[in-house]
Every structure is written in C-alpha cells, then in structure tokens.
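Here is a friendly walk through one protein model, taken a few features at a time. Keep the sequence and the 3D view open as you read.

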Amino acid sequence: MQPMTRRHLLQWAGVSAATLVLPVGCSAGGKGEDGKKGEDKRGDTYPFTLPKLPYAEDALEPHIDAETMKTHHDKHHLAYVNALNAALKDHDDLHKKTLVELIRGLNDVPEKVRMAVRNQGGGHLNHSLFWMMMAKDGGGDPKGELAKAIDTDLGGVDKLKDAALKAALARFGSGWVWLVFNKGKLAVRSSANQDNPLTEGDTPLLGIDVWEHAYYLKYKNLRADYVKAWWNVVNWNDIAERYNAAKKS
Ligand SMILES: [Fe+2]
C-alpha cells in the first residue's frame, strides 16, 4: 500500500479530470514524489492499488470503532480494488484511464464492463474519498467560505446535518449521502450502491457511507445513530479544500 499524505489530499475541481488530485493509489494525474503533475503512476491507472489509511485504525474511536475501520478498509475497500482490476484485466483500451475518468465517463465505458466499473470502481473511489473526509481531531463546525456557502445554500450546518440524516434514512438498502457542488451551489444528495456524484455531473465534497458494513458492528441497525455520530469525525479542513478547489475550477 502507498502512503496517503496531506500532499495527496483530494482537491475536487468539478470540471477537468486533470485538476483532480486523489490520494496515491487512485489518483487522477496527481503529483508524483517529484511534484510533477501527472507523473505519479503508482496506481494512477490500472492496476489500481489500495491507499493506506491516513490515520490509525483506532483514531476515530469512540465514534467509528477500530474493528469497523479495519474490516472496512482492509477487506471491503480491498475487495473493490481487486474486483476492479479483475474486471479491467482484458480491457487494454481502459488501462490508460484514471479512476476519475472511468467514473465520470461511465456511459462511455464498454457495456460489457460498465457495471463492474460502476460498482467496483465506484467503491474504490468512494472509499478513497471517505477515509480523507474523516480525521482524528475532526468534528466542530466548518469555517470560512465553506461555512458561508453552507449558510447561504443550505440554511446552516444544522440544516445540512438534518438534510443528510433524512437522505440517509430515505436511502433504501446501501448507498451514500453526499454534500455536492454544482454550478456554484451546494446541495445534499444520496446515491445507491457505489454510485458517485461525478457520473451525474456533481462534484462530491463530503460523503457518508451508509452501507451497513460502515456501522453495523457498533451501531447494529441504528443508521441514524451512526450518521449523527459521524459528524464528530468529519474533516472540515478536507471538505473546505475540496470546496475551494471546485469553486476555482
Ligand atoms: Fe463502505
């Protein structure tokens, strides 16, 4: 596994894939060790690799327990990476595509492999984002321009949390709840399975995994308790960086 550092923080910039910087292991033309954009080939494209967690497995305790983190990352996320690689193995034409290009351009992926890219590629991308959207000293309130935008577009952070909870509870089965940016505005969305907002043209800023594997060991069937607790580990700095990058693009 490759290390995932602040230098590799995601900077979602909604329009051009070239401006997206993902953690090593799933990046889309991100900066390499030498700082040259687009030259980091460690997992940029097929074969994809599992990025290392940016903190210890128990760093998010007591809100997200260590056993869940370990299983979620080492088993579930790894399974998405392996299944994506297996699906793309015989599709040389897709080996030069970055993960973001595959997901954003899902409708252009050959039909034979499209569902695998949607589910396994989406799973790899979503989880790579998710680890960075949380932090050991997370929680609190957003600051700066992001806070102003949340006030203006959503009526404040409490309203954002209410909307996210509603979306989480309304999502039947497995999926994600997102704070997205599109055409200068923030919005709360949810997606089924491992679908990512990029495919719909939205830029994901924040995502909450509401698959049972994300919470069942600690919260059992109480999805609402997990979603409420999740805000104690949200990495607002990461969300703000992604928001600022998206706004500039
Ligand atoms: Fe998950």
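Helices here are DSSP runs of H or I with at least four residues, numbered from the N terminus. Please keep in mind that this is a predicted model.

**Two crossing helices**

Let's begin with helix 4 (residues 144-154) and helix 8 (residues 236-248), whose axes come within 9 Å and cross at roughly 80 degrees. Angles of 65 to 115 degrees count as roughly perpendicular, so helix 4 is roughly perpendicular to helix 8. On the helix 4 side, the contact is made by Gly144, Glu145, Leu146 and Ala149. Helix 8 contributes Ile239, Ala240, Tyr243 and Asn244. By kind, the residues of this contact are five nonpolar, two polar and one charged.

**Helix 1**

Next comes helix 1, which covers residues 66-88. Along the way, helix 1 bends by about 30 degrees at histidine 72. His72 is also one of the buried residues of this helix, together with Thr68, Met69, His77, Tyr80, Val81, Leu84, Ala87 and Leu88. Among the elements that cover these buried residues are helix 3 (111-132) and helix 6 (216-219).

**Two residues to look at**

Leucine 102 sits in helix 2 (residues 99-104). Leucine 102 counts as buried because it has 29 C-beta neighbours inside 10 Å, and 20 or more are needed for that label. Leaving aside residues up to four places away in sequence, leucine 102 touches Leu94, Lys97, Val109, Val117 and Gly121.

Tryptophan 231 lies in the loop between helix 7 (223-230) and helix 8. With 19 other C-beta atoms within 10 Å, tryptophan 231 is partly exposed. Again not counting residues up to four places away in sequence, tryptophan 231 touches Gly139 and Lys161.

Technical notes:
Residues numbered from 1 in each chain as written. Predicted model: local features only at pLDDT ≥ 70, side-chain atom pairs only at ≥ 80, totals over all residues. Axes fitted to C-alpha atoms, helices over the stretch in contact; angles between N-to-C directions. Parallel < 35°, antiparallel > 145°, perpendicular 65-115°, else oblique. Contact = placed C-beta atoms within 7 Å. Nonpolar A, V, L, I, M, F, W, Y, C, P; charged D, E, K, R; others polar. Buried ≥ 20, exposed ≤ 12 C-beta atoms within 10 Å, placed from the backbone. Expected span 1.5 Å × (residues − 1). Bend = angle between axes of the 7 residues up to and from the residue.
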